[in-house]
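Subject: Structure handover

Hello,

Here is the structure I said I would pass on. My notes on what was found in it follow below.

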Amino acid sequence: MPRSLSVLTVPAFKDNYLWLIHDGVHAAVVDPGDGGPILEALRANGLLLTAILLTHHHADHIGGVPDLLAHRQVPVFGPRNDGIAAVTEPLGEGDRITVPGLDLELSVLDVPGHTRGHIAYVRRDGQDGDGTHWLFCGDTLFGAGCGRLFEGTPAQMADSLAKLARLPDDTLVYCAHEYTLSNLRFADAVEPANQALQLRLRADSEKRGTNLPTIPSTIGIEKATNPFLRACEPAILDSLKAAGKLAPGADRVAAFAALREWKNVF
Ligand SMILES: [Zn+2]
């Protein structure tokens, strides 16, 4: 019988999370911005690195790759179109991979917006509700927020987020930063009457008060509380209009773009 899998949270830099997927023996790392904390976690848990998975080209997601490859030569999975020289297994929408060393199949989604070639990894096997639906989404979807648009258009990012929102509600969302509380403060400003949002604000404030991660969240929680998945909710449209940030008759992409720009200066 295959060994069961778990995901280790490895904090790095100021607010990054690096994810180590392992079965107690073998491990694959997602977005190793820094090699040091990963090598330390591998040693501390007696794990053998078998693969590197990358979502996009930013340094705080790939900076540790040379150190890890010096430690052990493993395949490097990553986006086909994001200009990462270290990638040995280029991936794009619809690809499926079996992660070396692990009983783990992941499918790949193109989620452009934050960068042009950003991809996400989805574990879809297992039954609903058994905790085996996972999403590794880099800097696309965050706890109660979304990534900045460095290379893509608002339409691309809105479509990417809509694609993630179609995953099962119980999908665990492993994003790459602890930005949740700051995102929730913005969400509270644009949709203060949202009860699910108020509950989340309380729960996640308590977690951060004792230095616990708020990540992973779930797609269900994000759909209920993340303004960037709710840009067309009447209450949010009203807030945008009241703040003078949305012209009458604007479409869903315009609403998303206005929300994203508002957050940039919030
Ligand atoms: Zn990034």
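Asp-31 sits in the loop between strand 3 (26-30) and helix 1 (35-45). Please keep in mind that this is a predicted model. Although Asp-31 is not a glycine, its phi is positive, at about 55 degrees. The residue counts as buried because its relative accessible area is 3%, under the 20% limit. Ala-144 is another non-glycine residue with a positive phi, here near 65 degrees. Its place is the loop between strand 11 and strand 12 (145-146), and it is buried, with a relative accessible area of 0%.

On the backbone there is also a cis peptide bond, from Ile-215 to Pro-216, with omega near 5 degrees. Pro-216 belongs to the loop between helix 6 and strand 14 (217-218).

Metal site

The zinc ion has four protein donors: His-56 through NE2, His-58 through ND1, His-114 through NE2 and Asp-139 through OD, at 2.1 to 2.3 Å. Along the sequence, these donor residues follow the spacing H-x1-H-x55-H-x24-D.

What is the geometry of the site? The angles among the four donor atoms run from 89 to 167 degrees, and the site is irregular. For reference, the ideal angle for four tetrahedral donors is 109.5 degrees.

Thr-140 is in the loop between strand 10 and strand 11. It is buried, at 0% relative accessibility. Beyond its neighbours within four places in sequence, Thr-140 contacts Val-111, His-118, Cys-146, Gly-147, Met-157, Ser-160, Leu-161 and Leu-164.

Cysteines

How many disulfides are there? The count is zero. The closest cysteine sulfur to that of Cys-137 is in Cys-175, 5.5 Å away, which is too far for a bond because the cut-off is 2.5 Å. Cys-137 is buried, at 0% relative accessibility. For Cys-232, the closest cysteine sulfur is in Cys-146, at 14 Å, also too far for a bond. Cys-232 is partly exposed, with a relative accessible area of 45%.

Strands and a helix

Strand 4 and strand 5 (residues 76-79) run parallel and are joined by two bridges. Ile-52 has Val-76 of strand 5 as its bridge partner. Strand 5 in turn pairs with strand 6 (residues 89-91), in the parallel sense, over three bridges. There, Gly-78 is partnered with Pro-90 of strand 6.

Leu-201 is part of helix 6 (residues 195-209). Is it buried or exposed? Its relative accessible area is 17%, so it counts as buried, the limit being 20%. Leaving out neighbours within four places in sequence, Leu-201 is in contact with Leu-184 and Asp-188. From Leu-201 to Ala-187, the C-alpha to C-alpha distance is 9.5 Å, with a sequence separation of 14 residues.

Regards

Key: Residues are numbered from 1 along each chain as its sequence is written. This is a predicted model: local features need pLDDT of at least 70, side-chain atom pairs count only at pLDDT 80 or more; totals for chains, interfaces and linings use all residues. Side-chain values use heavy atoms; hydrogens and water are left out. Donors are N, O and S atoms within 2.8 Å of the metal (3.2 Å for Na, K and Ca); water is not among the atoms, so sites may look incomplete. Four donors count as tetrahedral if all angles lie between 85 and 135 degrees; four count as square planar and six as octahedral if opposite donors are over 155 degrees apart and all others between 65 and 115; anything else is irregular. Helices (H or I, at least four residues) and strands (E, at least two) are DSSP runs, numbered from the N terminus. Buried means under 20% relative accessible area, exposed over 50%, partly exposed in between (1.4 Å probe, protein chains only). Contact means heavy atoms within 4.5 Å. Two strands pair if DSSP finds at least two bridges between them.
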